[in-house]
Amino acid sequence: ETAASYDYAGAVGQAGDLRNVYYRYKRVAQFAASFGAILENSENSKVPDAPAGLTEALRKSPSGSILFLDNPSEAPIKAPLDGGESINVLPGEILGLVRDFDLDGTFAIKANSSRILGFVRQDNTTTLVMYGPTGETGAIHFTVAGATAKPSAAVWTSKDSGQWTLQATF
């Protein structure tokens with residue numbers, strides 16, 4: 001007998017099995033759904049010089065901006081970021097760094113040096129999910145409108161009033 005397969009290396013195999021690329025698509029879809037307000041009204045903007053081996057693209061909109069870092073090589077590339085921070089862009093990875101995005105009217109993402117999967121809102125709670133390779137440290141910098149008290153999580157630090165940083169090691 002001759003068997004034929006018509007799934008053409010798709011995310012879901014002919015037998016219903018989920019392939020590795022499925023999980024990449026899922027991450028991209030969650031990111032796009034979370035930051036659709038930026039993506040749907042964005043335009044290309046000028047990008048400073050990219051580190052050797054990386055391609056950068058900046059999308060800006062009235063809702064904020066996303067700096068995309070693309071590493072087409074087979075080795076990680078360390079990308080310097082504002083404020084002296086950096087992030088390793090993994091081989092084959094396209095990483096979106098969110099800037100100046102209002103999460104809920106109180107918290108706004110000012111900048112980040114961490115991978116953001118996305119966020120969800122439920123009632124009065126906004127949950128932001130960040131992730132990264134084991135051992136990597138990343139941070140998300142927030143501005144907090146009208147807040148004078150420190151947020152409740154112990155991992156928050158502040159340089160001045162109204163600006164907070166959440167740092168995590170994965």
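Predicted model: local features only at pLDDT ≥ 70, side-chain atom pairs only at ≥ 80, totals over all residues.
Let's start with the charges. How many salt bridges does a search of the whole structure find? The search gives 4. I'll go through some of them.

Take E93 and R115. Their side chains meet in a salt bridge, 2.8 Å from N to O. This pair links distant parts of the chain. E93 sits in the loop between β5 (86-89) and β6 (94-99). R115 is in strand β9, residues 115-122.

Buried or exposed? Start with E93. Its relative accessibility is 13%, so E93 counts as buried, the cut-off being under 20%. R115 has a relative accessibility of 1%, so R115 counts as buried too.

Now stay with R115. R115 forms a salt bridge with E136 as well, and here the closest N and O atoms are 2.5 Å apart. Where is E136? It lies in the loop between β10 (125-131) and β11 (137-144). R115 lies in strand β9, so this pair ties together parts that are 21 residues apart in sequence. Both R115 and E136 are buried.

Salt bridges that share partners join E93, R115 and E136 into one network.

Next pair: D100 and K110. Their side chains meet in a salt bridge at 3.2 Å, N to O. D100 is in the loop between β6 and β7 (101-102). K110 is in strand β8, residues 107-112. They are 10 residues apart, and this pair also links distant parts of the chain.

What about exposure here? D100 has a relative accessible area of 43%, which makes D100 partly exposed. K110, at 40% relative accessibility, counts as partly exposed. Those values fall between the 20% and 50% cut-offs.

The largest pocket holds about 550 Å³ of space. Its lining has 21 residues. Which of them are closest to its centre? They are R27, V28, E93, I94 and Y131. Note E93 in that list. E93 is also the residue that meets R115 in a salt bridge.

Which elements build the lining? α1 (20-34), β6 and β9 each give two or more residues. The largest share comes from α1, with 6 residues.

To recap: E93, R115 and E136 form one network of salt bridges, and E93 is among the residues closest to the centre of the largest pocket.

Note on methods: Residues numbered from 1 in each chain as written. Heavy atoms only, no water. Helix = DSSP H or I, 4+ residues; strand = E, 2+ residues; numbered from the N terminus. Buried < 20%, exposed > 50% of the residue type's maximum accessible area, 1.4 Å probe, protein only. 1 Å grid on protein atoms, 1.4 Å probe; cavity = no way out; pocket = protein on both sides within 12 Å on 5 of 7 lines; lining within 4 Å. Points joined across faces, edges and corners; volume = space filled by probe spheres on them.
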